[in-house]
Amino acid sequence: MPYIAWHPRTRRPLVVLTRSGPCAKVRLVHSEVPFEVPVVELEHYPWAADPHAPPGFVAVLLDTPQAVREGDWVVVVGCARRVRALASYSAGSRLLELEGYGKWVLAAPRVAYRRSSADGQAP
């Protein structure tokens, strides 16, 4: 099952598709083109040095806008912002009300941050 890892060298979250030996097949969140990186270069959440991850939260991939939940954090304009409310929008998009930002449309796959299961909530 794919998961998200932080890649400090490129300063990006990557979707890890498979791992075999010293290499991992990964892709960018908004891309379907896989490439390989050394496994030792990937950092796992919640211990990753991702500057956007709020403390105690883990990264999850939102394959569709409908996967977002109230209480998730998404990165908009370089800052992680908490989702306060959400509503349906056109063509499968979601209209999010973000704390400290206002309304914003989520229309594509994206990394979000959710409370880790260690805190009592499943990711």
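Predicted model: local features only at pLDDT ≥ 70, side-chain atom pairs only at ≥ 80, totals over all residues.
View 1. Residues are numbered from 1 along each chain as its sequence is written, and side-chain values use heavy atoms, with hydrogens and water left out. The side chains of glutamate 41 and arginine 9 meet in a salt bridge, N to O at 2.9 Å (a Lys or Arg side-chain nitrogen within 4 Å of an Asp or Glu carboxyl oxygen). Glutamate 41 sits in the loop between β4 (35–38) and β5, while arginine 9 is in the loop between β1 (3–7) and β2, so we're looking at distant parts of the chain, 32 residues apart (strands are DSSP E runs of at least two residues, numbered from the N terminus). Arginine 9 counts as exposed, at 58% relative accessibility.

**View 2. Arginine 114 and aspartate 72 in a salt bridge**. The closest N and O atoms of this pair are 2.8 Å apart. Arginine 114 belongs to strand β11 and aspartate 72 to the loop between β6 and β7, which puts them 42 residues apart. Both ends count as buried: arginine 114 has 9% relative accessibility, and aspartate 72 has 3%.

**View 3. Arginine 82 with glutamate 99, another salt bridge**. A search of the whole structure turns up 3 salt bridges, and in this one the closest N and O atoms are 2.7 Å apart. Arginine 82 comes from strand β8 (residues 79–88), and glutamate 99 from the loop between β9 (94–98) and β10 (102–106), 17 residues apart. Arginine 82 is partly exposed at 29% relative accessibility, and glutamate 99 is partly exposed at 34%.

**View 4. Tyrosine 45 and tyrosine 113, one of 2 aromatic pairs**. Rings of Phe, Tyr and Trp (its six-membered ring) pair if their centres lie within 6.5 Å; planes under 30 degrees apart are stacked, over 60 edge-to-face, the rest tilted. This pair is tilted, at 6.3 Å centre to centre with 55° between the planes. Tyrosine 45 is in the loop between β5 (43–44) and β6 (57–62), tyrosine 113 is in strand β11, and the two are 68 residues apart. Tyrosine 45 is buried, with a relative accessible area of 10%, and tyrosine 113 is buried too, at 2%.

**View 5. Phenylalanine 57 edge-to-face with tryptophan 73**. The ring centres are 6.0 Å apart, and the planes make an angle of 75°. Phenylalanine 57 lies in strand β6 and tryptophan 73 in strand β7 (residues 73–76), so the pair ties together parts that are 16 residues apart in sequence. Phenylalanine 57 counts as buried, at 8% relative accessibility.

**View 6. The largest pocket and its lining of 14 residues**. Pro13, Val29, His30, Arg110 and Val111 lie nearest the pocket centre. The volume is about 320 Å³. β2 (12–20) and β11 (110–115) each supply at least two lining residues, and β11 gives the most, with 3. Sorted by class, the lining has 8 nonpolar, 2 polar and 4 charged residues.

Note on methods. 1 Å grid on protein atoms, 1.4 Å probe; cavity = no way out; pocket = protein on both sides within 12 Å on 5 of 7 lines; lining within 4 Å. Points joined across faces, edges and corners; volume = space filled by probe spheres on them. Helix = DSSP H or I, 4+ residues; strand = E, 2+ residues; numbered from the N terminus. Nonpolar A, V, L, I, M, F, W, Y, C, P; charged D, E, K, R; others polar. Buried < 20%, exposed > 50% of the residue type's maximum accessible area, 1.4 Å probe, protein only.
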